Structure formats: structure tokens, C-alpha cells
Amino acid sequence: MRCLTHPLLRRLLGLSPLCLPGGVSQNKGPILSPKWLPLRQSCSARPGLVTATDVVNYWQKVFEASGIPEARESSEYIVSFVLGAKTFQSLNSKSLYTPLTAVQQEQIQQLSIKRLERMPVQYVLGEWDFQDLTLKMRPPVFIPRPETEDLVSLVLEEESRKCEKNSGLCFPVPVPHPVILEIGCGSGAIALSLLCKLPQSRVIAVDKKEAAVDLTRENAHRLLWLRAGSDSFSFLGSAKQLLFWGPIDFIVSNPPYVFHEDMACLDTEILRYEDLDALDGGDDGMRVIKTILALAPSLLKDSGSVFLEVDPRHPDMVENWLQVHPNLLLVLRAIHKDFCGIALSPL
Amino acid sequence: MSIPGVFYITFLLRDIRTPSWRPWILRKQQFSLPGVPLLQAAGKNSSFNLLGLTEAELKEQFVRGDGPGGQATNKTNNCVVLKHIPSGIVVKCHQTRSVEQNRKIAREILQEKVDLFYRGEDSDVFKEKKASEKKKQEKKRKAKENLERKKHFKEICPRRVRETFVIISIHSFQTNR
């Protein structure tokens with residue numbers, strides 16, 4: 001950031017001091033010169049006019065010069081967002097070469113300044129997609145990772161497998177209303193995805209942090225078809241109270257599973273902005289995993305399952321731990337190596 | 001048993017309307033079933049009769065970052081590169097910000113391209129393209145025709161110039177004597 005106005009950098013980037021049209025001059029950002037914004041006039045249609053492609057290229061170079069990871073991707077997401085699209089590839093060719101308005105350029109600049117502070121793109125844009133849902137994102141609530149989309153798919157597969165089994169009976173079985181408990185809901189990605197795909201289900205989303213609960217609630221209300229049939233309350237106490245809606249079919253979680261010793265190596269984006277409690281799993285990364293597993297038998301139906309996203313080292317560790325705790329009567333059923341999730345069920 | 005820490009139960013979500021959802025199975029585990037055709041009813045391809053693709057024929061590449069994956073990283077590059085090994089066709093999809101969606105769309109696009117590759121003019125994809133091109137041309141032709149017709153009409157029926165009338169009234173000043 002400090003380096004952007006450095007004359008050496010400008011020379012390095014081959015930037016000519018061309019003025020951007022419009023009122024960028026009002027900005028007194030900490031990084032960029034308030035007077036003008038240098039912009040290379042490489043493939044722009046006419047002098048003084050900048051296209052989306054120009055701006056993406058420009059900010060990519062700025063990000064690269066400042067050591068921002070995923071410079072190209074960040075730049076593309078920001079510009080696409082301001083143009084009302086999800087990704088650069090999804091913009092039609094007309095948008096790519098239409099000159100940007102001054103307002104748009106200003107918006108892009110404001111967002112890019114945040115990115116220059118190593119803010120994750122999802123927080124910069126204030127939203128992100130999880131499967132086919134667009135969810136609001138807000139620091140420090142944990143940002144859903146792409147691998148977790150696989151976790152949701154696995155739960156759905158299991159659910160449909162159960163349905164098939166039921167329908168194989170010779171007498172009619174009522175349509176199941178699975179009760180699903182998500183532990184550590186964060187922004188609500190898993191809970192809301194499951195609810196969208198299994199509209200007959202009942203989903204209980206739980207989190208230790210009020211910020212996460214608030215964000216999940218907000219995201220639920222944004223998905224307009226979810227009516228306000230939502231109750232919300234807080235409590236301190238026994239897990240048995242979770243059984244208000246009956247024994248549970250699925251417990252799903254992406255619990256904090258990072259080994260404590262690995263925490264310091266995390267990217268700056270994560271360390272600076274995300275809730276580290278959503279990541280730190282203790283010395284062996286199993287602290288919360290063990291809590292969930294210890295809880296499961298008293299909550300699950302006999303036919304129920306626990307689905308957890310874990311570290312690649314955990315499946316063996318979980319298996320060993322379960323052998324040492326036979327009283328839990330849980331068995332590790334499946335390990336999905338794609339993204340490293342495990343499925344467990346009662347013996 | 002009691003849980004350490006405070007749990008806030010957020011809410012019980014109850015859906016009222018039922019959005020439709022078509023089960024679409026795509027798992028790497030199905031490598032063990034090479035004969036199982038996939039993409040039977042995948043999105044917009046369900047109205048077409050396309051050659052099925054199996055996961056065994058596909059090679060997928062998407063960047064999820066080096067080192068520990070999952071929680072420990074926050075990569076935003078969700079671009080999916082999908083190759084159909086027998087034909088060598090490669091599709092790159094970055095239409096959405098979700099990896100799952102991009103994988104889905106990549107397969108749809110790849111299935112169309114592969115069908116076109118093997119079936120050529122017999123492919124539903126080809127036929128649809130031809131039909132839509134024809135429609136476009138027809139539309140253009142009709143528009144042109146309409147324009148010509150309008151021009152012609154103007155030539156044979158020029159607009160009349162409106163004449164301005166001045167009305168004067170003449171009063172008689174004859175008086176009855």
C-alpha cells in the first residue's frame with residue numbers, strides 16, 4: 001500500500017499518469033494519491049475511457065505489486081461484482097468493452113482498497129456463493145469453504161438413500177421429515193443449503209457465537225421463501241434441550257479442526273479477519289470433534305448419522321478414539337477422501 | 001450431559017413452499033462403476049437426447065491451493081477445468097462463485113460439445129443451433145420486409161399538406177328602412 005505512490009513502482013508497472021474521468025479526486029484513501037489514479041491506456045477504446053478489462057488488468061497489477069494472493073481472481077471478482085455479475089467469465093462481451101462510469105470506478109476502487117488490506121474477497125464483497133445460494137458474509141464469521149459443498153452433497157445422498165430404502169417396503173411409509181442439527185453454523189451455509197434441498201426437513205442451527213447466529217438468521221430471511229417460521233432463543237445448559245424437536249437424523253458439522261500448531265501458518269487473510277475459534281481445534285485438532293461425538297449418542301436416532309468435515313489426519317485418529325470409547329456406540333462408516341469428510345453412525 | 005460454553009439455538013427453519021429439485025448424482029466414488037451413465041437429467045440438457053458421459057472418462061482440475069486444504073485456506077479460485085479424455089475436448093468453466101455449480105455447468109457444456117463432436121449433424125445440439133439460427137434469419141427477413149413495405153407505402157401515399165383556412169365572415173349592414 002505504502003508503495004503505490006512510489007515513483008519506482010509506477011515505472012515498474014509502466015503506468016502513465018493518465019487521469020481517470022470523473023470524480024475520483026474526492027477520495028482521501030490511505031493508499032492512493034488523492035489527486036489522480038494512474039491507469040495504463042493499453043487496450044482501452046478511446047483516450048480517457050476505461051473498460052472492465054482495463055480495470056481488471058490494472059488492479060491485478062496493483063495487487064501483485066502489493067503481494068496480494070490471487071491478484072487476478074480478486075480483481076475479477078471485484079469488477080464483476082460492481083457490474084452486477086458473479087464472475088468475469090459470466091459477463092457478456094458487451095459489458096467487457098463498455099466504458100465504466102465514474103461511479104463504477106469509484107466503487108471498484110473502494111473495494112480494492114479493502115482487498116489491499118488483505119481482507120478476504122468474500123468480506124470485501126459482503127457476500128459469497130455456496131452451491132446455488134448467495135449468502136451474506138461479514139467478519140469475523142467464518143467464510144464457508146468450497147470443500148464444504150461436498151459435505152452437503154454427501155448428506156443429501158445419504159438422505160435419498162434412506163428414502164429409497166424406506167420406499168422399498170411393501171407398505172406405504174410417510175414422507176420423512178428429517179431432523180438435522182448443524183453444530184457451528186457460521187454464516188448458515190450448510191443449514192440453509194440442506195433446508196433448500198430438503199424443504200420438508202427441520203433444521204436446527206447452533207453456534208457458540210452470537211455474530212454467527214445473527215448472520216445465519218439474516219441469511220435465512222434473505223432467502224425469501226423461508227417464511228418467518230423461525231424461533232430463536234439462547235440458553236446455557238444441557239444438550240438434551242436440543243431434543244425439543246425429537247431425536248435427530250443427521251448431525252452435520254464443519255467444526256474447527258486445525259491443529260493448534262498450524263494456526264500460525266494460516267494466511268494473513270484468515271488470521272486478520274476470521275474468527276480463529278472457528279478454526280482452532282486444539283492440540284490434535286480434535287477438541288470440538290470429540291465434543292460432538294460425545295454428544296451424538298444422546299441425540300441421534302438409531303438410524304442417524306454424523307457427518308463431519310475433518311483434517312486428512314483425523315479419520316484414523318477418530319477411529320482410534322472411538323475404539324477407546326466403546327460406550328459411545330458409534331462406528332466410523334465412511335471416509336470420503338475428496339475433501340476429507342467422515343460419516344459415523346450408531347452401532 | 002452439559003456442553004462447555006454457551007450454545008445459542010438459532011432457529012427452527014420451516015419451509016412453506018416446496019421448490020423443485022432434481023436429484024443429480026455426481027460422485028467420484030462412481031469411478032468404480034464405469035458403465036453407469038451420468039448426466040441423465042442434468043439441467044437444461046434434459047430436453048436433449050445426448051450421449052452420456054461417465055466420470056471415468058473425465059479428468060477434472062480445479063485449483064484449491066497447495067498445502068493444507070479445507071479450513072486452513074481460503075482460496076477463491078473456483079474455476080473448473082474439465083477434460084473428456086477419449087475426445088480430448090476441454091471445457092473451462094468459471095460461470096459462478098461456487099465450485100459445485102461450476103462443476104455441474106462444466107459437465108453440461110462438455111456433454112453438449114462431446115455429443116456434437118461424435119454425432120455432428122445428428123446431434124440435438126446441432127439441430128437446436130440450426131433451428132435458432134433459422135429463427136434469427138427469419139426474424140431479420142421479416143423485419144426487413146416490414147421496413148420495405150413501410151417505405152413503399154410512403155411513396156405511393158404521400159402525406160397531404162394540410163391547408164390552412166382563413167374564415168372571414170361578411171356581415172350585411174343592410175338595415176330595414
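This is a predicted model: local features need pLDDT of at least 70, side-chain atom pairs count only at pLDDT 80 or more; totals for chains, interfaces and linings use all residues.
Student: Why is A:Ser80 called buried?

Tutor: Its relative accessibility is 0%. Buried means under 20%. The value falls under the cut-off, so A:Ser80 counts as buried. The residue sits in helix α3 (residues 71-82) of chain A.

Student: What makes up the surroundings of A:Ser80, leaving aside neighbours within four places in sequence?

Tutor: A:Ser80 is in contact with A:Ala85, A:Lys86, A:Thr87, A:Phe88 and A:Leu91. Contact here means heavy atoms within 4.5 Å.

Student: Why is A:Tyr97 called exposed?

Tutor: Its relative accessible area is 54%. Exposed means over 50%. So A:Tyr97 is exposed. It belongs to helix α4 (residues 93-97) of chain A.

Student: How do you know whether A:Ile190 is buried or exposed?

Tutor: Compare its value with the cut-off. The relative accessible area of A:Ile190 is 4%, and buried means under 20%. Therefore A:Ile190 is buried. Its place is in helix α8 (residues 189-197) of chain A.

Student: What does A:Ile190 contact, leaving aside its neighbours within four places in sequence?

Tutor: The partners are A:Phe130, A:Thr148, A:Leu151, A:Val152, A:Glu182, A:Val252 and A:Asn254. As for C-alpha distances, A:Ile190 and A:Pro144 are separated by 8.5 Å, at 46 residues apart along the chain.

Student: What makes a set of residues a nonpolar core?

Tutor: The members are buried residues of nonpolar kinds, joined through side-chain atoms within 4.5 Å. The largest such core here has 57 residues. A:Trp59, A:Ile108, A:Leu125, A:Leu194, A:Val252 and A:Phe307 touch the most other members.

Student: Why does this core lie between domain 1 and domain 2 of chain A?

Tutor: Both domain 1 (1-125) and domain 2 (148-346) give residues to this core, so it lies between them. In soluble globular proteins, nonpolar side chains tend to be buried together.

Student: Which residues does A:Leu194 touch, not counting those up to four places away in sequence?

Tutor: A:Val152, A:Val155, A:Leu156, A:Ile180, A:Ser201 and A:Val252.

Student: What makes the phi of A:Glu70 worth a remark?

Tutor: Phi of A:Glu70 is near 55°, a positive value in a residue other than glycine. Most residues other than glycine have a negative phi. A:Glu70 lies in the loop between α2 (52-65) and α3 of chain A. At 18% relative accessibility, against a cut-off of under 20%, A:Glu70 counts as buried.

Student: Where is A:Gln131, and is it buried or exposed?

Tutor: A:Gln131 lies in the loop between β1 (127-130) and β2 of chain A. Its relative accessibility is 5%, so with the cut-off at under 20% it counts as buried. A:Gln131 also has a positive phi, of about 50°, although it is not a glycine.

Student: How do you know that the peptide bond from A:Pro139 to A:Pro140 is cis?

Tutor: Its omega is near 0°. Most peptide bonds are trans. A:Pro140 lies in the loop between β2 (133-136) and α7 (147-167) of chain A.

Student: What makes a space a cavity, and how many are there?

Tutor: A 1.4 Å probe fits in a cavity but cannot get out. A search of the whole structure finds seven cavities of 30 Å³ or more. About 110 Å³ of space lies in the largest cavity.

Student: Which residues line the largest cavity?

Tutor: Both chains contribute. From chain A, the lining includes A:Glu70, A:Arg115, A:Gln122 and A:Asp267. From chain B come B:Asn74, B:Lys75 and B:Thr76.

Student: What pattern does chain B follow along the sequence?

Tutor: Chain B reads β-β-β-β-α-α. Buried residues make up 33% of its 177 residues.

How values were computed. Residues are numbered from 1 along each chain as its sequence is written. Chains are lettered from A and ligands numbered from 1 in the order in which they are written. Side-chain values use heavy atoms; hydrogens and water are left out. Buried means under 20% relative accessible area, exposed over 50%, partly exposed in between (1.4 Å probe, protein chains only). Domain bounds come from an automatic or database domain assignment. On a 1 Å grid over the protein atoms alone, a cavity is a set of points where a 1.4 Å probe fits but cannot get out, and a pocket is an open set with protein on both sides within 12 Å along at least five of seven lines; lining residues have an atom within 4 Å of a point. Grid points are joined across faces, edges and corners, and a volume is the space filled by probe spheres set on the points. Helices (H or I, at least four residues) and strands (E, at least two) are DSSP runs, numbered from the N terminus.
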